[in-house]
Amino acid sequence: GAPQPQYRATETTLTDAFAGERIDFTGALVRSHGTATLVRYAITCCRADAQPVAVLLATPVNIAARTWIHATGVLRVRNGAIALVPDRLWAVAPPLDPFVYR
């Protein structure tokens, strides 16, 4: 048989992400109630329909809130929620366009 397909989620494909999937994501770091999340807004048509795309981080990070972060890693279920277990996580300059387009 054919090998199992390799899945890769990005900012525009996270709506159907599942545990075990690799992702490559850039977003602003948001801290709330002891959790760290990367957030970016996706646009389908125009800014009026912008929707947040949020990736919960499974591990604590020692980076200031509102810093733009690029992360790669694998999604895992942690405490009943899907979260990114990062292989690599680093600060980046804010993108020229903070939105992603579907």
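Partly exposed means a relative accessible area between the buried limit, under 20%, and the exposed limit, over 50%. Keep that band in mind for Arg-22, a stop on this tour: at 35% relative accessibility, Arg-22 counts as partly exposed. The model on screen is predicted.

**Whole chain**

Start with a cartoon view of the protein chain. It shows seven strands and zero helices. Along the sequence the pattern reads β-β-β-β-β-β-β. Now colour by burial. Of the 102 residues, 34% count as buried. The accessible area is about 6500 Å², and 54% of it belongs to carbon and sulfur atoms. Then consider contacts between residues at least 6 apart in sequence: 53% of them join residues at least 24 apart.

**The core**

Select Ile-23, Phe-25, Leu-29, Leu-38, Leu-57 and Leu-84. The largest nonpolar core has 15 residues, and these six touch the most other members. Which elements give two or more residues to this core? They are β2 (22-32), β3 (35-43), β4 (51-56) and β5 (68-78).

Centre on Leu-38. Leave out residues up to four places away in sequence. Leu-38 then touches Phe-25, Gly-27, Ala-28, Leu-29, Val-53, Ala-54, Val-55, Leu-57, Ile-69 and Ala-71.

Step back to Thr-37. This residue is found in strand β3. Is Thr-37 buried or exposed? Thr-37 counts as buried, at 15% relative accessibility, because the limit for buried is under 20%. With residues up to four places away left out, its contacts are Ala-28, Leu-29, Val-30, Ala-54, Val-55, Leu-56 and Leu-57.

**The salt bridge**

Next, select Asp-87 and Arg-22. Their side chains meet in a salt bridge, 2.5 Å from N to O. Asp-87 lies in strand β6 (residues 81-91) and Arg-22 in strand β2, so the pair ties together parts that are 65 residues apart in sequence. How many salt bridges does the count give? It comes to one.

Compare the surface at both ends. Asp-87 is exposed, with a relative accessible area of 51%. Arg-22 is partly exposed at 35%, so it falls in the band between 20% and 50%.

**A charge over a ring**

Move to Arg-88 and Trp-90. The charged end of Arg-88 sits over the ring of Trp-90, 3.9 Å from the ring centre. What does a search for aromatic pairs find? Across the whole structure it finds zero.

Last stop: Val-92. Where is Val-92 found? It is in the loop between β6 and β7 (99-101). Val-92 is partly exposed, with a relative accessible area of 26%.

Show its contacts, leaving aside neighbours within four places in sequence. Val-92 is in contact with Thr-26, Trp-68, Ile-69 and His-70.

Now draw a distance from Val-92 to Thr-26, C-alpha to C-alpha. It reads 8.5 Å. In sequence, Val-92 and Thr-26 are 66 residues apart.

Terms used. Residues are numbered from 1 along each chain as its sequence is written. This is a predicted model: local features need pLDDT of at least 70, side-chain atom pairs count only at pLDDT 80 or more; totals for chains, interfaces and linings use all residues. Side-chain values use heavy atoms; hydrogens and water are left out. A nonpolar core is a set of buried Ala, Val, Leu, Ile, Met, Phe, Trp, Tyr and Cys residues joined through side-chain atoms within 4.5 Å. Buried means under 20% relative accessible area, exposed over 50%, partly exposed in between (1.4 Å probe, protein chains only). Helices (H or I, at least four residues) and strands (E, at least two) are DSSP runs, numbered from the N terminus. Contact means heavy atoms within 4.5 Å. A salt bridge is a side-chain nitrogen of Lys or Arg within 4 Å of a carboxyl oxygen of Asp or Glu. Rings of Phe, Tyr and Trp (its six-membered ring) pair if their centres lie within 6.5 Å; planes under 30 degrees apart count as stacked, over 60 as edge-to-face and the rest as tilted. A charge sits over a ring if NZ of Lys or CZ of Arg is within 6 Å of the ring centre and within 35 degrees of the ring normal. Accessible areas come from the Shrake-Rupley method with a 1.4 Å probe; for residues, only the protein chains shown count as cover.
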